[in-house]
Amino acid sequence: MPDDTPIPPEDAPTEVSAPPPEPDPGSRRDPAPEADPPAASPDPAAPAAGPDVLAAEVRAELAEPEPEPEPIVPAPLAAPLPAGRLADMVEADRRWMDEALAMAAKGLAIGELPIGAVVVADGEVIGRAFTQEATQGRLLVHAELLALDQADRVVGGRRGRAVLYTTLEPCLMCLGAAATAMVERVVFALDSATDGARELASLWDAHRHARDLPSVYLPPVHGGVGTEASRALFARFIATRPGPTDPLALWAATLVTPAAPAADPPAAG
Ligand SMILES: [Zn+2]
């Protein structure tokens, strides 16, 4: 953790004899920045803290009372944008989502789930993939993860200026990868009620705001771009499956025919 508190030189008189005043219990959640504990010195000649010292430090840390957790409040995932920039962004989003949909169609053509993703930075695709579970016989080869991995090899996804486009609401793994890759935004086409992670991420985002950690970045996530095209690909996918009880067909059916909203009460008369 970055800490600008100056560390006194080792030969300076220490000030530990005067204990700091007890903090007000009410201000317990906002402690003043503390100096780093005397960690192992980078000087190889200096003795490093032995296991006993480290264990004592860990025990002391564990003895500290846990601060009360902050209440979890879902935070808005995207800040409003000026109208002009918003219009440009909407047009770009449609164009790049078309690329992601083309990847999904490619996957479908070889028997994969129709899920495609592209990562775009500075107007250029730096990652492009479709889900490859059938081809590779593996489970972690989601389109988004593969595309993010490609982008990460291009100067770390151009360091925070990339946008991930995916034809299906990303799962927890892929949204986690997008956050770790520090993409600027995530745009998806079709909601996935059974395994999409957008809602869960909104809770995570609230934690991030509560702690004010700028190095932990959760990109804004929004859907609804290219929804019908993505839904149509899943309908075609279902038609390729052996039958309606096929597990993947059952799952895809939840995307094609979302659960109906609660029925209206019968009309009187
Ligand atoms: Zn995924």
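Reader: Within how many Å do the axes of helix α8 and helix α9 come, and at what angle do they cross?

Author: This is a predicted model. In it, the axes of α8 (residues 227–240) and α9 (residues 247–256) come within 9 Å. They cross at roughly 150 degrees.

Reader: How do I read that angle? Are α8 and α9 roughly parallel or antiparallel?

Author: Angles over 145 degrees count as roughly antiparallel. The crossing is at roughly 150 degrees, and α8 and α9 are therefore roughly antiparallel to each other.

Reader: Is the crossing of α8 and α9 left-handed or right-handed?

Author: The α8 and α9 crossing is left-handed.

Reader: Which residues meet there?

Author: From α8 come R231, F234, A235, F237 and I238. They meet A249, A252, A253, L255 and V256 of α9. By class, the residues of this contact are 9 nonpolar, no polar and 1 charged.

Reader: Now take another pair. At what angle do α4 and α6 pack?

Author: Helix α4 (residues 143–152) and helix α6 (residues 172–180) pack at about 20 degrees. Their axes are 8 Å apart. Angles under 35 degrees count as roughly parallel. That makes α4 roughly parallel to α6.

Reader: What is the handedness of the α4 and α6 crossing, left or right?

Author: The crossing of α4 and α6 is left-handed.

Reader: Which residues of α4 and α6 meet?

Author: On the α4 side, E144, L145 and L148. On the α6 side, M173, C174, A177 and A178. The contact of α4 with α6 divides into 6 nonpolar residues, no polar ones and 1 charged.

Reader: On to the core. Where do nonpolar side chains tend to be in soluble globular proteins?

Author: They tend to be buried together. Here, the largest nonpolar core has 49 residues. V119, L164 and Y165 have the most contacts inside this core. Helix α2 (residues 83–109) gives the most to the core, with 7 residues.

Reader: What does Y165 touch?

Author: Leaving out residues up to four places away in sequence, Y165 touches W96, M97, A100, A117, V118, V120 and V187.

Reader: Zoom out. How many helices and strands are in the chain, and in what order do they run?

Author: The protein chain has 9 helices and 5 strands. From the N terminus, the order is α-α-β-β-α-α-α-β-α-β-α-β-α-α.

Reader: What share of the chain counts as buried?

Author: Of its 269 residues, 26% count as buried.

Reader: And what share of contacts join residues at least 24 apart in sequence?

Author: Take contacts between residues at least 6 apart in sequence. Of these, 60% join residues at least 24 apart.

How values were computed. Residues are numbered from 1 along each chain as its sequence is written. This is a predicted model: local features need pLDDT of at least 70, side-chain atom pairs count only at pLDDT 80 or more; totals for chains, interfaces and linings use all residues. A nonpolar core is a set of buried Ala, Val, Leu, Ile, Met, Phe, Trp, Tyr and Cys residues joined through C-beta atoms within 7 Å. A residue is buried if 20 or more other C-beta atoms lie within 10 Å of its own, exposed if 12 or fewer, and partly exposed in between; C-beta atoms are placed from the backbone. Helices (H or I, at least four residues) and strands (E, at least two) are DSSP runs, numbered from the N terminus. Two residues are in contact if their C-beta atoms, placed from the backbone, lie within 7 Å. Axes are lines fitted to C-alpha atoms, for helices over the stretch in contact, and angles run from 0 to 180 degrees between N-to-C directions. Angles under 35 degrees count as roughly parallel, over 145 as roughly antiparallel, 65 to 115 as roughly perpendicular and the rest as oblique. A crossing is left-handed if the near helix is turned anticlockwise from the far one by less than a right angle, and right-handed if clockwise. Ala, Val, Leu, Ile, Met, Phe, Trp, Tyr, Cys and Pro count as nonpolar, Asp, Glu, Lys and Arg as charged, and the others, Gly among them, as polar.
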